[in-house]
Amino acid sequence: MSTDIKIAREHKLLHIEQIAKKLDINGEDLELYGKYKAKIPLSYKGKQTGKKGALILVSAISPTPAGEGKTTISIGLTQAMNRLGYQSTVVLREPSLGPVFGIKGGATGGGYSQVVPMEDINLHFTGDFAAVEKAHNLLAAIIDNNIQSKKRSLNIDPRTITWKRVMDMNDRSLRRIVVGLGGTSSGIPRETGFDITAASEIMAILCLSEDVQDLKRRLGNIFIGYTFDKKPVYARDLKANGAMAALLKDAIKPNLVQTLEQTPALIHGGPFANIAQGTNTVIATKTSLALSDYTITEAGFGFDLGAEKFLDIKSRFAGLNPQAVVLVATVRALKYHGGMSLKALKEETTACADGVCSVEEITGRLEAVKAGIENLYKHVENIRQFNLTPVVAINRFTTDAQQEIDFIKEYCAGLGVRCAVAEVWAKGGAGAEELAEKVVEVVEESLKGNRQFVPMYNLEWSVEKKIETIAKKIYGAEAVDYTAKAKADLKKIYDLGLQDLAICMAKTQKSLSDNPDLLGRPKDFVITVREIEIASGAGFLIPITGEIMRMPGLPEVPSSEAIDIDENGEIEGLF
């Protein structure tokens, strides 16, 4: 079987200026990063082009180790729509180096449904992550410098500082550290730590900013901590936001690349979805909407995490209105949610003869699918709660039995939900043409009826009511409980006057609940909020549930062991 990187190299790439022409972008306006990557000026975001500007959101059922393939479907769907004559662009997040070298690998799709050049995108790309890292760490350095200062000190209490440092690598040894050792000339000793760059509030801010002025305003609103006399300190008080924005002057511009079928792709920003909004930048999305008839974008993890935040945070702030939601599911993932072990799934190395199993062969497999499909049902319910129409995409694997596929399609039909099989890994855009047609049907119905999505909560509600609404309506929780630390955080939020901020729940992606072991559609559970972090620059509060890791560690066998470079400078081992 061909690897992703081998398939990518077998395809001819167009010069990026030719891709830009497909979006009516003047080649002289591009900022080139070699032959196949370029940045687009911010002026194209608000360009009046007369395009349809329809927005399609790709999400998924609750993620499993068996995999779902949102990115692959997003890319394949875009290729399919262009094949059918619907001018479309895919808009995605940038990969983080931590997962690339850790357990997940790259994030550029797979098989014949990829964005390229995949090596560049998965590694340093155009330097956006490095710029975010530098801007974040500049603020950290300014904070420590102010604490050390005798003449210009803001009298910051080091015990209250919430701002850490970041780096784009999985390194568990840096989670908790002590800085300022080495005597008075080396700073004031205090405990702090590192987060991964994708978890930085700067990354969230970059992805939500409309322009440079909005970026500077949001950077200035970052909450740092308190003075010794209990006054709040923000980044603007340190006069840090201007210099931070200067470091982000190129990172704020969206990146243009292409798919394997030479269709346009914008890749920009990369916040995680379990502790941030988990979607690409507002600027990239609006640029695509201005230049394309159809924009396909994705939100990280399942609909309960990334898509809820895409709607309640990004779409609300930016005035976006998705016309359709594609819900990605796999037979394997449904069986996992239905109680089948990962080991048993891996043992299904081949499908039955001609993909059709005997009664004896299919019985146990179908029982698992039937048990796990409740997870899909809950996500369909959630999509409809936002007044949006779902289209289920079955991302087909070679081990899937036809009876399993037929059951899912019949189940969706019973719900009144359009459903299509997609085989984009093996066939590229040709494997998603049925899905593309169904998505276009939903989009056209939405545009004709002027359908508007409805947020899950009002910003003016109390913090507790907003959290409870998400927990009960989206997750299916019975109640919400708060630890003493979370209650103290609530008091601090109200004292600071930040109660009108949006809610960005930090929760495991593996379950609808806050317990990763509760698969399928759990019921009668209580969501426990351990603490609530403030991301006032990004414009949201982060209730922390369960154990959420902001600095991942490498696995026992990291993906980095397979990555190498040959004598010709060719990268190997990326996937």
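Leaving aside neighbours within four places in sequence, which residues is F540 in contact with? Keep that question while you set up the view.

**Before you start**

This is a predicted model: local features need pLDDT of at least 70, side-chain atom pairs count only at pLDDT 80 or more, and totals for chains, interfaces and linings use all residues. Residues are numbered from 1 along each chain as its sequence is written, and side-chain values use heavy atoms, with hydrogens and water left out.

**Whole chain**

Show the protein chain as a cartoon. Along the principal axes, the C-alpha atoms fill a box of roughly 80 × 60 × 50 Å.

Colour by burial. Of the 575 residues, 59% count as buried (under 20% relative accessible area; exposed is over 50%, partly exposed in between; 1.4 Å probe, protein chains only). Now consider contacts, meaning heavy atoms within 4.5 Å. Among those between residues at least 6 apart in sequence, 76% join residues at least 24 apart.

**The cores**

Select L139, I222, L376 and F540. These have the most contacts inside the largest nonpolar core, which has 122 residues. Such a core is a set of buried Ala, Val, Leu, Ile, Met, Phe, Trp, Tyr and Cys residues joined through side-chain atoms within 4.5 Å. Helix α6 (residues 128–148) gives the largest share of this core, eight residues.

Zoom in on F540 for the opening question. Neighbours within four places aside, F540 is in contact with A204, L208, Q277, I313, L501, A502, I503, C504, I534 and A535.

Next, pick I56, A60, A422 and V440. They are included in a second, separate core of 25 residues.

**The four-stranded sheet**

Select β19, β21, β22 and β20. In that order they form an open sheet with mixed pairing. Two strands pair if DSSP finds at least two bridges between them. β19 (479–482) and β20 (502–503) stand at the edges; each has a single partner strand, so one side of each is left without a neighbour in the sheet.

Start with β19 and β21. They run parallel and are joined by four bridges. V480 has I527 in β21 as its bridge partner.

Move on to β21 (residues 526–535) and β22 (residues 540–545). They run antiparallel, joined by six bridges. Check two pairs: I534 with its bridge partner L541 in β22, and V529 opposite T545 in β22. The two strands form a hairpin with four residues between them. In the turn, G539 has a positive phi of about 95°.

**Strand β3**

Select residues 54–60. Seven of the seven residues of β3 are buried, so this strand is largely enclosed by the rest of the structure. In a regular strand the side chains alternate between the two faces of the sheet. Here A54, I56, V58 and A60 lie on one side, and L55, L57 and S59 on the other. Both faces are covered.

β3 pairs in the parallel sense with β15 (residues 294–298) over five bridges. It also pairs in the parallel sense with β16 (residues 324–329) over five bridges. Centre on V58: E298 in β15 stands opposite it, and V326 in β16 is its bridge partner.

Finish this stop at A54, which is buried at 0% relative accessibility. Residues up to four places away aside, A54 touches L289, D293, Y294, T295, Q323, V443 and L447.

**Last stop: T89**

Is T89 buried or exposed? T89 sits in strand β4 (residues 88–92) and counts as buried, at 0% relative accessibility. Show its side chain with that of S292: the two make a polar contact at 2.7 Å. Such a contact is a pair of N or O atoms within 3.5 Å; within protein, one must be able to donate a hydrogen and the other to accept it, and residues adjacent in sequence count only if both atoms are side-chain atoms. Beyond four places in sequence, the contacts of T89 include L23, T78, P264 and Y294.
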